[in-house]
Each structure stands twice: as structure tokens, then as C-alpha cells.
Amino acid sequence: MVDPELNIQHQLVLPRTAALDTSLKDQLFGDDDGDIGEENVLQQHGPQVIHDEVTSLFEDRDDYTFLPLKAEHKSRPLYVCDDGRIILEAFAPNAARAEDFLITIAEPVSRPARIHEYKLTAYSLYAAVSVGMETATILDVMERFSKVTIPDRVVRFIKDCTLSYGKVKLVLKHNRYFIESNFPETLRVLLQDDTIRLAHLTAVESVEKRRIKAEERATKLGKTLPQQPVIASITSKSLLEAPDDKNNVRDRLDQAAEKSRLLDDDNDDDDESDFVQSFEIDKPMVEEVKKRCTELDFPLMEEYDFRNDSINPDLEIDLSPATSIRDYQEKCLSKMFGSGGGRARSGIIVLPTGAGKTLVGITAACTVKKSTLVLCTNALSVEQWAAEFLKWSSIKEGDIAKFTADNKTRFRGDSGIVVSTYTMISHSGKRSWETGQMLNWINSQEWGLLILDEVHVVPANVFRRVLTTVAAHTKMGLTATLVREDDKIEDLNFLIGPKLYEANWMELAGRGHIAKVEATEVWCPMTSSFYRTYLESKPAKRSLLCVMNPTKLQACQYLINQREAAGDKIIVFSDNVFALEHYAKLLNKPFIYGQTSHIERTRILKLFRQGHHMFRTILLSKVGDTSLDLPEATCLIQISSQFGSRRQEAQRMGRILRAKRRNEEGFRSRFFTLVSRDTQEVAFSAKRRRFLVDQGYEFHVIPQLTDLIPPNILPSLHYNSEAEQQELLEMVLQASDEAARDEILETRTDDMAGALFALQEEERRAGGQLSKSKARKVIQRYRNEQIRSSREASKAQASRRHALFRQWKRKG
Amino acid sequence: MVQAVRGVLLQMDAAIKQIILEINDQSPQPFILEDLDDEHVFVQEESVDLVRAKLDEILEKNTYKVDEDVTMAKVQQTVASPAA
Amino acid sequence: MGPTAAAPGTKKAWSRPARKAAAAAASANTPSAAAAAAANAATSWNGALGSAPDVKPSAGATVKGLIEDYIANLPLAYRDRIYQQPATCLALFRFATPLGKQIIMRILYAAHPIPLADMKLWCTTDGEKELIRALEHLYRLHIIAIPDAPPPRPAASDGSGPGVALSPHFRQSLHNALTGSGDHASFGQESTAPDKHLVTQAMLDQYATERWEAVLHYLVGSPSGKRKRAVTKLLEHSGLMARANLTITSKGFQFLLQDVNVQVWAFLLQYLQMSDELKMDLVEVLGFLFQLGSLRFGASYSVDTLTETQKHMLEDLKPLGIVYQRKKKSSRFYPTRLATTLTSKTLLSSGADGDSATGHAAGGQSLTGEETGFIIVETNYRVYAYTSSALEIAVLSLFVNLKARFMNMVVGMITRDSVREALSKGISATQIIDYLTSQAHPELKKNNPVLPATVSDQIRLWEMEKERITPSHAWLYRDFARQDDYEATVAYAEAYNFVLWKNPTNRIIVVDARGQDQVRAYLKRAATAHTRAVPAGAPAGSQPSQSASQPPPSQELPVHVV
């Protein structure tokens with residue numbers, strides 16, 4: 001099938017006197033797509049590829065043979081593709097410098113041991129510009145490192161992206177947003193856009209709005225507020241009215257410049273031009289405006305000149321002297337604060353879990369020295385962040401406040417730190433009066449720094465709410481992976497800012513900052529009855545069958561025994577709660593899932609951290625991915641790989657990267673994925689691994705159970721007999737789909753951790769160890785207590801539900 | 001009288017055997033001459049190539065074709081409730 | 001001493017009928033079979049192709065091996081004639097091991113056959129074994145002969161006994177070759193007048209490379225323009241390409257990995273086989289090949305001194321790039337390097353630039369034998385190959401999903417699909433892994449193992465995926481009337497390792513097809529014996545009821561064959 005486009009190109013190459021098929025003319029020029037013209041030109045002087053026997057192999061692929069190879073190509077480390085992809089020989093002598101350069105201007109795609117791939121994107125170039133790289137520099141350095149002549153298309157792309165970036169800034173002043181630029185032309189272009197014009201607040205409107213708001217607040221708080229100084233929106237009107245009369249404009253601009261210099265505090269005087277102009281936009285429309293500016297190719301740079309911010313109160317905070325920053329952490333911060341350390345840029349920092357993201361956030365706060373708001377995904381993280389702040393910095397207890405469901409304090413002074421969760425800030429439903437007060441207070445502050453933890457997990461709509469209600473000069477997103485299966489990465493880019501830095505996993509591992517990992521996939525054959533059932537079942541049941549595969553249980557049991565004996569601390573992950581409970585009960589190990597009480601969670605994790613011999617292995621559901629303050633582990637076993645989530649895989653890997661033993665000679669953390677052979681788990685697992693494989697991780701495969709478990713060991717494991725297996729299958733079949741997902745079949749009455757604590761408590765009281773019989777009594781007493789209270793609780797719940805139901809029924 | 005049957009002995013692991021049985025059930029001309037045990041069947045000589053091809057097809061379907069709807073649904077679930 | 005003079009005229013004495021008779025008289029196989037055998041040896045290096053996991057691609061096959069095998073399998077009469085060609089003998093002499101060369105030289109000018117015992121005095125006691133081995137080898141090739149006596153045996157004890165001498169034709173020819181006497185034409189007649197159309201060595205190299213690579217390209221499946229019918233026929237005949245759909249076979253892939261010289265000879269031997277069918281004088285053909293091997297590269301030779309057969313051969317050899325002749329009617333021809341290195345031990349050189357394709361073929365070898373590996377395989381399955389050789393790229397495309405190409409590099413990825421495609425063509429996982437290993441970039445070669453273990457493991461796993469069922473041709477026996485019968489049969493079959501599967505509970509036994517005849521015979525015997533032992537009036541059992549007075553059951557099988 002001939003591509004009609006190609007036909008057109010072909011026509012154009014014909015001499016003028018040749019008869020052009022006029023019917024194609026409309027296709028050429030009738031379209032609104034102005035790009036066609038340009039492409040035609042390219043085709044005419046089209047790229048000349050090598051023509052030989054294998055050219056046909058690359059017809060639908062990328063044939064870059066038209067790029068001339070430079071004479072000195074052997075001493076250069078880069079290939080640059082026509083589509084912005086860059087290939088780097090990491091083993092070349094000057095590779096390190098090239099790498100530094102590339103990570104600044106491009107996205108890493110894959111970075112295994114020898115050959116890396118990167119990609120130039122608009123965002124990556126934007127990030128480059130925002131850390132101060134200039135177009136000329138980028139092109140020059142790239143040319144110097146490249147083996148091939150840089151393709152024209154790439155040069156144009158770089159120019160297009162970088163020349164328009166950095167021209168416009170979004171500035172937050174006194175809780176008001178301004179679009180600021182040294183280039184009046186640019187501002188004019190922006191204001192001509194409908195969306196932006198809508199958002200634009202004239203001076204009058206602005207004053208009015210603020211007055212109304214201030215009054216509202218005043219009445220609510222029962223206070224009167226001092227008059228806010230009125231800062232006129234400068235020159236916007238004059239810009240709009242100015243005709244092409246250059247002289248006139250010039251004059252007016254000069255006048256405006258004078259005015260602005262007098263009134264404008266945040267003067268940007270590093271650039272050539274002397275004047276700065278801006279116009280205000282309405283706070284609720286900030287996101288719209290940002291998006292629109294990006295679309296117009298003028299992405300807004302958000303910079304905060306914190307040193308010269310005399311309006312917002314300073315915060316006394318420094319890093320404690322004992323704290324040391326690692327070089328890659330410094331690199332992150334240098335991207336954020338620039339070489340002069342004068343302004344703070346907003347953006348996202350990507351570091352593998354366990355590499356010390358928290359410390360980067362804390363250091364940033366110590367640099368900005370203004371009020372800082374930290375948002376986490378759950379209450380436990382809040383505790384953790386607060387604790388870390390206290391540990392690594394000089395902040396005093398009264399100056400740091402936690403805002404959670406249980407805690408609604410404020411910091412005592414004019415400035416301080418608040419740590420909260422996304423849900424608290426963005427929750428739109430009914431809330432208590434206290435919470436409402438707290439929120440108002442937060443939203444009325446002008447935060448110097450907003451730290452957004454675990455940015456990859458939070459849905460975009462939650463962010464939106466947060467960012468439209470909270471006013472922050474600098475936003476710092478922290479994450480381990482920028483990969484999301486729902487592809488909402490771009491949203492983050494313009495909601496928070498460009499990616500400032502992404503660490504190289506292998507490099508960090510090589511230098512001992514994170515543990516080296518031995519990753520293995522174990523294939524567990526399905527027994528014939530399980531497999532027969534699998535073939536006949538629907539998808540939901542299939543997943544359950546895959547997880548409950550008896551050989552998988554055996555493999556898990558064997559691995560746990562083995563690794564415990566080797567001194568490992570093991571976490572077993574299961575997305576499926578039914579399986580989680582079954583495995584845990586069978587292997588007599590503690591487990592935590594969504595319904596596990598806060599107290600029990602804390603206890604179990606504490607014992608795990610302490611290394612108690614009964615708590616060397618714990619089983620976790622999805623909660624382990626985010627909601628838990630997990631201590632380091634050295635071994636991780638995944639028993640269900642249900643979806644192809646690369647982020648989840650990377651995150652789980654992170655649980656074993658912090659291992660303290662990582663600097664021991666030859667130490668490896670272990671990562672096991674148990675997969676049921678010949679089922680869809682194989683495909684899911686392959687999908688999940690992609691991100692990690694591109695970071696350089698290698699996954700070994702053990703294809704036969706017999707390669708893993710010595711035959712003499714098998715009899716000692718569960719489910720060795722067909723009868724047992726059959727029983728298991730029946731149990732699985734009986735489990736309803738609901739049960740398989742969320743509920744558990746029996747209530748938990750053997751809270752191991754709780755019992756242990758009760759025992760320890762008793763022993764403390766008694767002043768020594770108890771006899772076996774006494775110990776048993778204590779544990780039994782505790783258990784009975786648990787049963788009783790749980791029964792009461794479920795009764796209460798039942799009646800409550802009943803009442804609600806009654807209520808609804810009435811409503812009809 | 002002792003019966004002698006000519007054919008091909010197929011050896012495989014238990015899971016595969018289940019598939020073979022299914023292929024046999026769905027085949028217009030069943031080819032299994034004798035079902036021996038969990039890991040062996042005795043089949044007609046001419047059927048071996050067909051069995052291989054069909055087996056490949058089914059394995060491909062059940063192992064490598066993941067249910068994309070399931071994936072996306074689960075992803076939405078995860079994303080929607082971060083604090084689950 | 002009077003060796004039979006190998007006068008040129010002698011050839012004519014060997015008319016076709018006479019030759020055929022001689023051939024019939026010889027107990028050895030026909031030449032075509034010999035050629036086939038040798039050709040097979042050329043293309044199936046270890047018999048079990050690809051199944052021996054530790055075999056390196058170029059192991060086993062050498063030019064020397066090919067040629068010697070071929071000659072050894074020729075009927076005696078042919079061999080005699082071949083040894084009348086000085087070029088041939090010289091070539092074989094060159095191929096001989098140092099010890100072999102010594103033996104030949106020592107007995108070349110000996111007056112009488114030398115007794116074995118004397119020979120033994122030449123070497124130490126340790127060396128005796130080697131001596132005997134060398135002698136046996138030379139005997140196999142009939143370079144040496146022992147008049148009226150069986151081949152020398154190590155046990156040949158005393159000082160006396162039969163002596164060893166060079167076979168007469170060989171001796172004369174070698175003498176001629178070494179002294180430059182005899183028929184000059186056997187080494188080719190160099191053209192005296194310079195060529196009007198300048199032909200440089202570089203041109204010849206390029207010509208040869210293009211031609212030969214075109215052949216290989218055709219093999220790989222990326223045809224470059226028209227090719228001669230003869231070439232395609234050769235490719236199919238040799239089993240390097242599947243006749244049905246003209247795709248490369250596993251043998252073909254293996255072939256690609258050989259040294260160029262080995263490849264060329266494999267082709268030529270196949271050609272020899274076909275030439276017999278085409279009624280060309282085998283001896284002439286072979287002789288001419290050896291002759292070509294002795295020519296000087298860069299020189300042109302006269303066509304006039306060639307026989308008709310040899311002229312025909314020129315036509316056939318041109319598309320393979322072995323010789324160059326400007327036009328069919330040209331009076332001169334040029335041997336290319338492919339020709340002049342036919343009988344040499346050194347390999348073809350690569351071009352000056354290590355990246356270029358000249359003489360590279362698919363083997364990546366250079367004249368100095370240094371490493372020119374060019375492929376990097378990463379842990380994330382991406383492949384980066386530094387090459388501009390279309391052939392190398394084509395080979396990679398057989399099992400790698402190629403994505404991008406630069407002037408001196410291609411980028412691709414090893415995927416499940418790309419490997420499966422190769423597997424379905426018959427290329428094995430081992431072959432793929434061996435190829436990638438042998439062509440690995442020096443950076444990669446620093447590792448041990450060279451390829452990332454996960455990648456090579458995965459390739460093997462993908463192969464295993466296709467081998468989920470193991471079929472064995474077999475016979476299944478059931479309906480044994482009595483347990484003892486059953487058990488006895490099992491015992492019998494087990495003794496020969498014929499039992500593939502058994503189940504005493506339902507008395508079924510599956511026997512390997514190899515053992516079918518034996519087991520059937522056994523059952524027959526057993527049944528007959530059993531019948532004889534059964535008294536009259538015994539219950540029917542599996543026998544049709546007969547009274548004792550009836551004649552014993554017929555010799556028909558007691559086994560009901562389904």
C-alpha cells in the first residue's frame with residue numbers, strides 16, 4: 001500500500017514542467033496543518049541513506065545512515081538520532097562528563113552497564129534551561145561529544161525549545177501570582193491568548209478581589225486585618241493597547257520600567273534587559289494558565305528569590321553539624337538552587353528509595369529558611385518526616401507541627417514547618433471545625449517551600465486541589481520512580497515543575513549508597529488440577545489460583561527457611577489478601593493488611609526492626625507499598641504479580657535497598673518473584689521488570705522447582721501430598737470473588753505481636769522472666785481479651801450499619 | 001491376547017498434559033490412544049505436529065496475552081486509594 | 001627407479017568407459033558419494049548439529065580436513081590420476097603435519113621402500129605412537145603405499161617386513177613440483193602481455209567479496225540482485241537452505257560462521273558432486289581447483305592452456321568470486337584471493353579498515369587473527385553492533401529485532417519474538433549464543449561469561465518453551481492375560497533399555513520403536529512356548545479354544561497389532 005504522503009513528496013521532486021496531479025494540491029495546501037510544507041522541503045533534499053542489501057530491513061525503522069560520521073568518531077561517546085534519542089557509550093573515556101551533560105538535558109531511558117540511552121524531550125530541555133543552560137552551550141557541547149553530525153531536526157528542536165523557555169516566570173508575591181518577563185513581546189503574545197486573558201486580573205479587579213477576601217477572613221477570624229499594600233498591575237493595559245508604533249511603545253515601556261523598579265521587590269537584574277514587567281493572574285486559574293503557557297511554548301519557570309524575600313518571615317533552621325550530604329544529594333540540590341544558590345527552582349527529584357530523599361528535602365528547607373509545608377501519603381510518613389527533621393536539623397519541637405486526623409497543632413511562631421498528608425489538605429468533604437480552621441490557616445500562609453513526598457503515587461486530581469489551595473513559592477517533588485502506568489507524568493511536569501535530577505541506580509549501588517541486589521524469578525509449576533481449573537476459570541479466579549498454587553507455597557516456605565537461616569530480614573508481599581492470610585497462617589508468620597489496627601502494625605514492625613527471632617519474616621499487603629514506615633529488610637519475596645505495574649516493582653525493590661549491611665563485602669539484598677508457570681503471571685512479571693531492567697538490574701530465572709528445592713527437602717514442606725493440594729484447591733474454589741479480594745474469612749484472634757508485648761509487659765512488672773505455665777496464662781488472657789473486644793466491636797459496627805441502613809431506607 | 005499399538009509416547013509436565021487433554025477433547029478427531037499418567041500420553045503418530053502447533057497457540061494465549069482490562073482496572077484502583 | 005611417467009597423454013587413456021569400469025571395480029563409493037560425504041562433512045561439523053552445547057562454531061571443520069576427507073574417500077583409480085597433478089600433490093604436502101612432511105621428504109628420494117622398523121629408529125619411544133598415526137594417515141590418503149601388504153600395524157615387530165614408500169604417482173608429481181620440472185601447464189600459464197584493461201588487486205578483492213557475499217546474502221535471505229541458477233541449486237543441494245521456502249536452515253546458519261576458506265571449499269565439494277552428474281571429469285575438476293590454489297594473486301593466466309572442462313569451470317567459478325574474467329571470450333583470467341588461498345593455511349585478510357566488509361564475510365576474522373568482535377549485548381536485551389557490513393547486519397536480523405542503523409552501528413533488541421522466529425527456522429539457542437559470544441565486542445570480552453548470563457539463559461528458556469513435549473516413536477502393549485507374562489516381557493525389554501514407560505497395575509508397557517522387532521519376536525517365542533506348555537482342555541485364555549489334537553497354532557503372531 002503506497003502512502004499517499006509519499007506520493008506527494010515524489011511529485012514535488014519532479015521538474016516544474018511536469019504535470020502535477022492537481023487533485024493532490026488540496027491535500028498539500030488545504031490542510032490547516034502547516035507542517036506539511038516544511039516536511040516537503042525536507043524530503044526534497046531528503047536524507048540520503050546508504051543503499052545496500054539490508055536497507056529494506058530499516059524501511060519502517062530508523063535509518064540514520066544519512067548522518068555523516070565524523071573523522072574523530074572513535075574518540076567521541078555519543079550517537080544522536082534524528083528523533084532526539086541519544087546513545088552513549090558508557091565505557092568511553094570521556095563518558096562521565098558526557099553523562100553529566102546528558103542527564104541535565106535529556107531523559108534517561110535505559111542505563112545498564114555499557115550503553116545508555118537518553119531522549120531529548122521538551123520537558124528535559126526545559127529542565128536544562130531552568131538550571132541555567134543556554135541554547136548555545138547545549139548545542140556546542142553536544143556537537144563536541146557526538147560521533148555524528150547532529151541532525152538538523154534535532155538542532156531545530158533544541159533551539160525551538162530552549163529559546164522560548166526561560167523567558168517567562170511565574171512569581172508568587174504576597175499570595176498573589178504574577179507572570180513576569182524581561183521580554184515584553186512575550187507578555188504581549190501571552191495576553192493575546194484567550195485563556196490567559198480570562199485569568200488576567202487588572203489592577204482594579206485585583207484590589208477588589210483581595211479586599212473582599214480579606215474582609216471574609218477578617219469576619220471569620222473575628223479580627224481586623226491591616227490594609228494590604230496595593231501593588232498595581234503594571235503595564236498590562238498599555239501593552240495590549242500599544243500598536244506597532246515602536247517608539248511609542250518604547251517610551252511607555254521605559255516609564256513602566258521606572259514604575260516597576262520602584263514598586264517591584266523581586267527585581268531580576270542578572271539579565272541584559274533592565275526592566276521587568278508582569279501582570280497578575282487569578283489564583284484559581286493558575287494551573288490553567290500554566291498549561292496554556294506550555295502549549296504556547298512559553299513554559300513558566302518558577303523561581304523563588306528567597307534571600308531577597310523580606311516580606312515572608314525567616315525560619316531559623318540549619319542542618320545539624322553531624323549531618324553529612326552525599327555527593328549525589330548535593331547534585332540534586334545544586335540543580336534546585338543553581339550554582340549561585342540564590343534562587344530556588346521548582347521541580348521533581350528522582351532518587352531510588354533508600355537513597356535519602358528525606359534528607360534532600362530537609363536540606364532544601366534549611367537553605368530556603370522560610371516556612372515549609374511537607375505533604376506525605378499517610379500518617380506514619382508524617383511521623384517519620386517530623387522525626388527526621390528533628391534529627392537532622394536544628395529545628396525546635398515547637399516550630400514543627402503535624403497536621404493529621406489525630407493532631408491539629410500549629411507552629412508557635414510566625415514561621416515554621418507543618419507536616420501533613422495529601423488527603424488532609426485536599427479532602428473536600430465534610431470536616432470538623434478544627435480541621436477547617438487549620439486548613440484556612442495553611443491556605444492563608446505563603447509557604448517558602450512545599451515538599452511533595454512520593455509524588456508518583458498521588459493521583460493528579462489530588463495534586464490539583466492541593467496546588468490550587470496552597471500558595472507556595474517553591475515546590476519540590478520527591479519520588480523514586482517517575483513511571484506511572486496511567487501515563488500522567490506530563491501532568492506532574494507542569495503541576496510541579498520539570499525533573500531536576502534523576503539518579504543512576506547502578507551508580508549509586510556501585511558506590512554503596514544503596515544495596516546491590518540479586519533479583520530472581522522462580523517459576524512454580526501449576527499442579528495439574530490447579531492448572532486445569534485455571535484454564536477453565538475467569539480472570540478474577542485465575543489470579544487467585546495463580547497465587548494459591550501449592551508449589552508456590554512450597555517455594556515460599558523453602559525460601560523463607562533458607563533466608564532466615566542466612567540471617568535475612570524478610571518481607572513477603574501479596575496484593576491479594578486472601579492469599580496473604582493463608583500464607584501467613586500456614587507459615588506461622590505475622591501479617592499486616594489494610595484492616596490491621598495501627599497499634600498492631602506498630603508492634604509488628606517494631607519487633608521486625610529489633611530482629612526478634614519470631615519476627616524475622618513479615619507478610620504485607622499493598623499497605624506495605626505506601627502506608628508503612630518500613631524498616632530495612634534484606635530479602636523481599638513477591639508472591640503475586642498481578643498487574644504489570646513497573647512503579648510497584650521499583651518501589652518494592654526499594655524496600656531492600658536501604659539495608660545497612662550493604663557495604664559489607666559481597667553483600668547482596670535479595671529480591672524474589674514467585675511466578676506460576678504457564679500462566680499470565682509470566683507476562684505480568686515480564687512487564688513489571690522493564691523499569692528495573694532499564695536501570696541495569698538483571699533478573700535470573702529459575703525455571704524448575706527442582707533447581708531450587710533439593711528433593712530431600714520436599715517432603716518436609718507443606719502441600720507435598722496430593723490430598724493436601726486437593727484440599728487447597730477446594731478451598732480456593734469456594735472462596736468468593738469478594739472474599740478473595742478484600743475480606744478475610746476468619747477474624748484474627750492470635751495477634752502475635754500483641755501477645756508478645758503483653759508478655760513483656762508482665763515480665764517487666766514481675767521483674768524477671770516468667771515460668772512457661774505463667775507465660776502461657778498471660779498470653780491466653782490477652783487472647784481472650786482480644787476476642788471479647790473484637791466481638792464487641794463487630795457488634796457495635798453491625799448495629800451502626802443497621803442504623804445507617806435504616807436511615808437510608810427512610811430517605812428512599 | 002496381547003495388543004500392540006503403534007504410536008508416539010509424549011512426555012511432558014503435568015500442566016501441559018492438561019492442555020493436551022483439552023486439545024484432544026476439542027479436536028474433531030481425538031488422537032489420544034491411551035492416557036498413561038500425569039506426565040505421559042500415547043498418541044497417534046500423525047497427530048504430533050498438530051498437537052505441537054496447538055499447544056504453542058494455547059500456551060501463547062494463556063501465558064503471554066495478559067488481560068489488559070484487568071491491568072487497567074487494578075491500576076485505577078491502586079491510584080484511587082493510596083492510603084488503603 | 002622409474003616412476004611411472006605421468007605424461008600428459010596418459011589422461012586420454014582414461015576414457016569414460018574405462019573409468020567407469022575402474023570405478024565399478026573399486027570397492028569404495030562412487031566419487032559423487034565421496035563428494036557427498038565430504039560435502040556433508042563440510043556442512044555438518046559434528047554430525048549432531050547444534051545439540052552439543054560446548055561446540056564452538058568453527059570447531060572441527062578445516063580446509064585441510066575437508067580436502068583430506070574427500071580424497072581419502074575417493075576410489076583408488078581416481079586418486080592415482082589426481083596424484084598425477086603436481087599442484088595437487090604439492091597442496092597435500094603443504095597440508096601435511098610437520099611429521100607427515102618429514103616422512104614424505106625422507107622417503108621421497110629413497111631408493112627402496114623403508115622397513116617400518118627402520119622408521120621407528122627415527123624417533124624416540126614416546127614418539128612412536130605419533131609416527132604410526134602419521135603413517136596411517138598418509139596411508140589413508142594413499143600418499144604412501146606398502147606394496148603387497150596390509151597397512152602398517154603397531155605390532156609389526158621385527159626389523160624385516162614390508163617397507164614403506166611413496167605411491168609412485170605422488171612421488172613423481174611431488175618431485176616435479178619441487179624441482180619445477182615436468183609439465184609446466186599444471187601450474188598455470190601466466191599471461192605474458194599486460195592487460196589492456198587494468199585490473200588491480202583491490203579490484204579483484206572487491207569483486208571476490210561482492211560475489212561471495214552475494215552468495216551468503218542469498219543464504220541469509222537478503223538477495224542482492226540476480227543470482228545464478230547454479231548457485232541457488234548448490235545452496236539447496238547442500239542443505240544450507242530449505243528447499244521448500246528458501247529460508248536458511250540451522251546448517252546454513254552454522255555454515256555462515258565458518259571461515260571463508262572452509263565455506264568456499266564446502267561449496268566446491270558440493271560442486272564436485274554435481275559436476276559428476278554433469279558429466280565433467282572429476283579428476284580434471286579437482287585438479288584444476290588445486291591448480292588455482294597454486295596461482296599467484298595479482299597475476300593473470302592464459303585461458304588457452306585450459307581444457308574444455310576447465311574453461312567450463314571458469315564460467316561456474318566466476319559467480320562465486322573465485323576467478324575473474326572480464327568477458328567470456330577473454331583470453332586471460334585472474335584468480336582472486338579466494339582462489340589463491342584455496343590451499344593455503346592462512347585466512348583471507350580483511351580490508352584495511354577494521355569496520356569494512358572486505359573479506360569479512362560473517363566470520364569477523366582478520367589476517368592477523370586478532371579480535372574484531374563488534375557486538376555488545378546489554379543486560380536489558382538491547383544489542384549494539386558496530387558494523388557497516390550488510391552481511392553481518394543481515395545475519396543479526398535473523399534473531400535480533402533491529403531498530404536503528406547508523407553508518408557504523410546498528411541498534412536492536414533481542415525479544416521473545418525475534419528469537420522464536422530464528423528457532424522456527426531451525427537455528428538453535430546454542431548457535432545464537434555462540435555467534436554472539438564469538439563476535440562479542442572487546443568491551444564485552446572482558447567479562448566472564450562474555451554475554452550477560454540472564455540473556456543467554458533467557459534465550460535458552462525461550463527455546464525450552466518450544467520443547468514442552470518430548471515425543472518418542474513407540475509401541476504400546478496391553479491386555480496381558482497374566483502378570484507373569486507381563487513381568488517377563490518387561491524384564492526382557494528392560495534388559496535392552498527399550499522400556500519407555502510401564503505400569504504394572506494395569507499391565508501396560510510402552511516400548512521404544514527401535515526395539516519393536518525384538519520385543520515382538522520375543523512375545524512370539526514366549527507365546528509359542530506358552531502354548532506348547534498349555535495342556536489340552538485348559539481354559540481358553542487369550543487363545544482361541546482348540547483341542548490338543550488340533551495342529552499347534554500357526555506361526556502367525558500371537559500379538560494383535562492395532
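**View 1. Helices H19(C) and H22(C) cross in a right-handed way.** Here a crossing counts as right-handed if the near helix is turned clockwise from the far one by less than a right angle, and left-handed if anticlockwise. Welcome to a predicted model, in which local features need pLDDT of at least 70 and side-chain atom pairs count only at pLDDT 80 or more, while totals for chains, interfaces and linings use all residues. Residues are numbered from 1 along each chain as its sequence is written, with chains lettered from A and ligands numbered from 1 in the order in which they are written.

**View 2. H19 (residues 416–424) and H22 (residues 453–465) of chain C pack with axes 10 Å apart, at an angle of about 60°.** Axes are lines fitted to C-alpha atoms, for helices over the stretch in contact, and angles run from 0 to 180 degrees between N-to-C directions. Helices are DSSP runs of H or I with at least four residues, and strands are E runs of at least two, numbered from the N terminus.

**View 3. Arg416(C), Val419(C), Arg420(C) and Leu423(C) of H19(C) meet Ile459(C), Trp462(C) and Glu463(C) of H22(C).** Contact means C-beta atoms, placed from the backbone, within 7 Å.

**View 4. S1(B) and S11(C) (residues 470–478) run antiparallel, joined by nine bridges.** Strands pair if DSSP finds at least two bridges between them. Look for Gln11(B), which stands opposite Thr470(C). S1(B) also gives nine residues, the largest share, to the side of chain B that touches chain C.

Notes:
Contact = placed C-beta atoms within 7 Å.
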